[in-house]
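Colleague: I would like to learn how to read this model feature by feature, beginning with a single residue and ending with the place where the chains meet.

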Amino acid sequence: MRILIIDDSEDVQVFIATLLRLAGYTDLVTASTLGEAALYLAERDDRGCSPLDLILLDVMMPQMDGYELCRRIKADPSLQDIPVVMVTAKTKSRDLEEAFAAGANDYLTKPIERVEFMARVRSALRLKQEMDTRKAHELELERKSAELEAANARLRSLSALDGLTGIANRRAFDEFLEREWKRAIRKASSLAFIMVDIDHFKGYNDRYGHLAGDECLKQVAHTLAAHAKRPGDLVARFGGEEFGVILADTDMAGAQSVAEAMRRDVEALAIVHEASATAPVVTISLGVATHVPLPLETSERLVMAADRALYQAKSSGRNRFAVAGDFLPVS
Amino acid sequence: MEQRPVAHVYEAFRDYMPKFMANRTRDHAALLAALEAGDLARIAAIGHSLAGNCGTYGFHLMTQLGRDLEAAAEAGDRPALVAHIAELARQIDQTEIVYQA
């Protein structure tokens, strides 16, 4: 417990310090002037808190009004919780009132009586300890709340991600699509959806095993995800070897351009696929659909149109994209 | 013949007593200088702190003397001030300190 004694009288400083040391309080600092006191009051520990636990303040000092100093201490957020006991030879009730009005926690009159003095000091220090404990509990509570919030955020993020590839899962996709669909209705803008399927993936798994299959899925997922560059874009794993791509504010020309870039990039991964009838490497087929949604329309139509286009791409020889021609209109 | 003044002082302050008495001698000199200069406010201030300091250590006669000095200064009672300052000198010189556990 660090105690600051502010008194211009050497006799009083020695008296107080001697009694405190006898009672086991050894971390004592004394100040005879406002300048010395200011130095101790400005000290801060690693956490930015004052190391002081109690201030014993003389009311009458040359060039310093103890009441004014007390007011300043109580106005400083980093000092206001430190109990201030004013020590003075003034005994009128007006003086007492002024001390408490200045924010003093207690008041002792000179001549100082030993037993009373120690009782007041212990009481003030107990008060400080209780405040410190309360503050520590509050800090702990804040820390725990922050941890809990972080854990919740992590859980939310985990529940939105596909466990294998780390990209968005179907659930996140559905939520995202609904949001973008509504936004597109509000803005009367074109929303694009691309359905992606890895060609002959069953053959790949049979040939190279499930571990290699998983690795292939991861590589394709990350290659596709690299094309979702804007906040309104999302690449999600639908399940198995199927992926869905949402592109906000994208018309058919833009969607075709992204689809072709995805196809090219997956092919360029050059993942050997000897069981493929399409190419010596892993390839993808894509179905592209776009639409400017109208109120009361549902997003299912867009997904189904892309699914049909994907079927077309597969039927036409795979490793290509096809567009949903029968999905009208794009205004 | 006037009785020798006695102060009952807590044993823990024994080592400090020479310094304490030296401070009273300094107070006495300051009081004489203030009296010479007619600085009654200064005398009142010294009397005030004398009362606080001496009472705290158990020097009750000096405590009363401090209060009397403050009152006489505020009243502008010069003869009383002269007498009180002389009495302070006597007490500094003659006070017997009895230590208590």
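**Reading the model**

Modeller: A:Arg170 counts as partly exposed because it has 14 C-beta neighbours inside 10 Å; a residue is called buried if 20 or more other C-beta atoms lie within 10 Å of its own, exposed if 12 or fewer, and partly exposed in between, with C-beta atoms placed from the backbone. This is a predicted model, in which local features need pLDDT of at least 70 and side-chain atom pairs count only at pLDDT 80 or more, while totals for chains, interfaces and linings use all residues. Residues are numbered from 1 along each chain as its sequence is written, and chains are lettered from A and ligands numbered from 1 in the order in which they are written.

Colleague: In which helix does A:Arg170 lie, and with which residues is A:Arg170 in contact, leaving aside its neighbours within four places in sequence?

Modeller: Helices (H or I, at least four residues) and strands (E, at least two) are DSSP runs, numbered from the N terminus, and A:Arg170 lies in helix α6 (residues 170–187) of chain A. Two residues are in contact if their C-beta atoms, placed from the backbone, lie within 7 Å, and beyond those sequence neighbours A:Arg170 is in contact with A:Ala236, A:Phe238 and A:Gly239.

Colleague: Which residues of α10(A) are buried, and how should I read their placement?

Modeller: An α-helix has 3.6 residues a turn, so residues three or four places apart point the same way. In α10(A) the buried residues are A:Leu302, A:Val303, A:Ala305, A:Ala306, A:Ala309, A:Leu310 and A:Ala313. They cover an arc (that of the directions from the helix axis to the C-beta atoms) of only 160° around the axis, which puts them on the same side of α10(A). These buried residues pack against β8 (191–198), β11 (284–291) and β12 (321–323) of chain A, whereas the face turned away from them carries the exposed residues A:Glu300 and A:Ser315.

Colleague: What is the strand order of the open sheet in chain A?

Modeller: Strands of a sheet pair through backbone hydrogen bonds, either parallel or antiparallel; here two strands pair if DSSP finds at least two bridges between them. The open sheet of 5 strands in chain A has the order β2-β1-β3-β6-β7, with parallel pairing. Because β2 (27–31) and β7 (106–109) of chain A stand at the edges with a single partner strand each, one side of each is left without a neighbour in the sheet. Strand β6 (residues 84–88) of chain A pairs with β7(A) over 4 bridges in the parallel sense, and A:Thr88 stands opposite A:Thr109 in β7(A).

Colleague: How many residues of chain B are in contact with chain A, and what do they consist of by class?

Modeller: The size of an interface is often given as the accessible area lost when the parts come together, but here we can read it through contacts. 15 residues of chain B are in contact with 13 residues of chain A. On the chain B side, the elements that give two or more residues are α1 (17–37) and α2 (40–57) of chain B, and the largest share, 8 residues, comes from α2(B). That side has 7 nonpolar, 8 polar and no charged residues, where Ala, Val, Leu, Ile, Met, Phe, Trp, Tyr, Cys and Pro count as nonpolar, Asp, Glu, Lys and Arg as charged, and the others, Gly among them, as polar.
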